[in-house]
Amino acid sequence: MVRGRISRLSVRDVRFPTSLGGHGSDAMHTDPDYSAAYVVIETDAEDGIKGCGITFTLGKGTEVVVCAVNALAHHVLNKDLKDIVGDFRGFYRQLTSDGQLRWIGPEKGVVHLATAAVLNAVWDLWAKQEGKVTPLTNKYCRKVKLVKKKERSKCWHKATLLTRHRAPGWGTQMTR
């Protein structure tokens, strides 16, 4: 059951100094610092569930993506999650049709990346409230070493139980 009004959207610029060792570099990207704009969406629902979304960049560009996420926040804040998921396509179009941001591209570049992070966070929140595991949640349960082994084990068990009930259509590529 989908519940709650979105009460908070936060975004962080997360960077990893991969350029120091030349990791991920190639002929075009000689000094990439793998980075992400990390969005967290919260509702006023008592369950305390949060939705997380990320979009990847290569360093300084993340600052611009963070600004774009903040510029899109008014389309998300104080909206009922039920209304958003009831017309997810309309919500997508609202994000990508912002008259003040449209000229810098809803289909490419900064607005594209910011929109992806916001949509992924909303999708993650929705899936968690429905008791489904998103590929992002499942992936991080298995691979992130920051999670204690006992918690990873619980997450693996839950992921195994819910594999057949995954949220369909989750991804980082945006299409019309």
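I looked up the surface first: the accessible surface of the protein comes to about 10,600 Å², and 55% of that belongs to carbon and sulfur atoms. Areas here come from the Shrake-Rupley method with a 1.4 Å probe, and for residues only the protein chains shown count as cover.

A note on the source: this is a predicted model, where local features need pLDDT of at least 70, side-chain atom pairs count only at pLDDT 80 or more, and totals for chains, interfaces and linings use all residues. Residues are numbered from 1 along each chain as its sequence is written, and side-chain values use heavy atoms, with hydrogens and water left out.

Next, I checked the burial. Of the 176 residues, 39% count as buried (under 20% relative accessible area; exposed is over 50%, partly exposed in between).

Then I went through the fold. I found 6 helices and 3 strands (DSSP runs numbered from the N terminus: helices are H or I with at least four residues, strands E with at least two). From the N terminus on, the order is β-β-β-α-α-α-α-α-α.

The structure holds 4 aromatic pairs (ring centres of Phe, Tyr or Trp, the latter by its six-membered ring, within 6.5 Å; planes under 30 degrees apart are stacked, over 60 edge-to-face, the rest tilted). The rings of F88 and W123 have centres 5.0 Å apart and planes at 80°, so I noted this pair as edge-to-face. F88 sits in helix 3 and W123 in helix 4, 35 residues apart. F88 is buried at 17% relative accessible area, and W123 is buried at 15%. I also saw that F88, F91, W123 and W126 form one aromatic cluster.

Note on methods:
Buried means under 20% relative accessible area, exposed over 50%, partly exposed in between (1.4 Å probe, protein chains only).
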